[in-house]
Amino acid sequence: MRDRITLRFMAAPTDAAHGGGTVQAGRVLEWIDKAGFACAAGYSGSYCVTAYVGNVHYTAPIRPGSLVEASAGITHTGRSSMHVFVTVEAADPRTGEFEVALDCLLVFVAVDEQGKAKAVPPWRPRTSDDELLARGSEERIEARKRIHDLHTAIQFSPAMTGPSETFRFLANPTDVNWGGNAHGGIVMRWIDETSTACAAGYAGADPVAVYTGGVHFYRPIHIGHIVEIETRLLHTGPRSMHILARTRTGDPRTDELELATQCMSVYVVRGADGDAMAMAPLVLRSEADRVADAQVREIIAERAQLPPLPVPRRD
């Protein structure tokens, strides 16, 4: 049964974030989407689209020149959906000693040649690790719906006074996936770039992502269409910045944009010792600011109730 796969490659200098010391989070998000797609397509025997990416916890930096392994495995299936758990590990190629850099859960949907959802074979766990991941994936289904509803309840408003950043551009032919649209990994990289700019503008320093979650894909982004990504800093913790991003897209001939994705990302600024530095608290000047801050706190509390998924042991 082709229910798991590992991609193995080198992190290139062009993958580096500003400053060159580590790989940018957006590039890593591309890797997890590619690994997840390869796993889902191999299992279903059909083309698949990314529907959701969540619980991306960046636990260790990846440096350019590192040997990288992105491992993906099916953990749960619905009628046409596949839950895929992805871990990314990195090692100095001179030692080959791997360290887990992140793990996350993705949901893909199998589609036919007309782009309609198609049934996939039911998956059953084979090992104790499989059983733990299957249970964790199933437990997250209802929680994911609650968190999604909390995300969509947040309304971007002109009355908000916190920092924001908007990128607007055309989806290029080089962004195309195997289905003719911008692939999910590219879209997540765009979101990370816009969110990073928002965080950097507030912190006055280079931020790094420590979490990305609640990435829901509502519609494809067609090559040649306008892409508009709006990000807003809605909440700060003692050492963190919580940024909500919404991506809209549409035909440039009409300029009518529709929601394509949304997600929440958390950024910190690391000091010379590698620890997150204290963050200046966001001043909540308007009622819209205070409402959004309370909504983000509710999302944080909901996420905190989810136990981490167990990372499978290396063979």
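**Figure 1. Glu193 and Arg189, one turn apart on a helix.** Glu193 and Arg189 sit four residues apart in helix 3 (residues 184-203), so about one helical turn separates them. Helices here are DSSP runs of H or I with at least four residues, strands are runs of E with at least two, and both are numbered from the N terminus. The two side chains meet in a salt bridge, with N to O at 3.1 Å. For a salt bridge, a side-chain nitrogen of Lys or Arg has to be within 4 Å of a carboxyl oxygen of Asp or Glu. Glu193 is partly exposed, at 29% relative accessible area, while Arg189 is buried at 14%. (Buried is under 20% relative accessible area, exposed is over 50%, and partly exposed is in between, using a 1.4 Å probe and protein chains only.) Keep in mind that this is a predicted model, where local features need pLDDT of at least 70 and side-chain atom pairs count only at pLDDT 80 or more, while totals for chains, interfaces and linings use all residues. Residues are numbered from 1 along each chain as its sequence is written, and side-chain values use heavy atoms, leaving out hydrogens and water.

**Figure 2**

**Figure 3. Helix 1 packed on helix 3.** Two packed helices are described by the angle between their axes and by the distance between those axes. Helix 1 (residues 25-44) and helix 3 pack at about 160°, with axes 8 Å apart. That makes the two helices roughly antiparallel. Axes are lines fitted to C-alpha atoms, for helices over the stretch in contact, and angles between N-to-C directions run from 0 to 180 degrees. Angles under 35 degrees count as roughly parallel, over 145 as roughly antiparallel, 65 to 115 as roughly perpendicular, and the rest as oblique. On the helix 1 side, the meeting residues are Ala25, Gly26, Arg27, Leu29, Glu30 and Asp33; on the helix 3 side, they are Gly184, Gly185, Ile186, Met188, Arg189 and Asp192. Contact means heavy atoms within 4.5 Å.

**Figure 4. Arg248 and Glu228, a link between two strands.** Here the side chains of Arg248 and Glu228 form a salt bridge at 2.7 Å, N to O. This pair ties together distant parts of the chain: Arg248 belongs to strand 9 (residues 241-250) and Glu228 to strand 8 (residues 226-236), 20 residues apart.

**Figure 5. Two spots on helix 4.** Arg290 and Glu287 are three residues apart in helix 4 (residues 287-304), about one turn of the helix. They form a salt bridge whose closest N and O atoms are 3.4 Å apart. Arg290 is partly exposed, at 39% relative accessibility. Glu302 also lies in helix 4, and Glu302 is buried at 14%. Leaving aside residues up to four places away in sequence, Glu302 touches Arg146, Ile147 and Leu150.

**Figure 6. Gly20 in a loop.** Gly20 is in the loop between strand 1 (4-10) and helix 1. Gly20 is partly exposed, at 38% relative accessibility.
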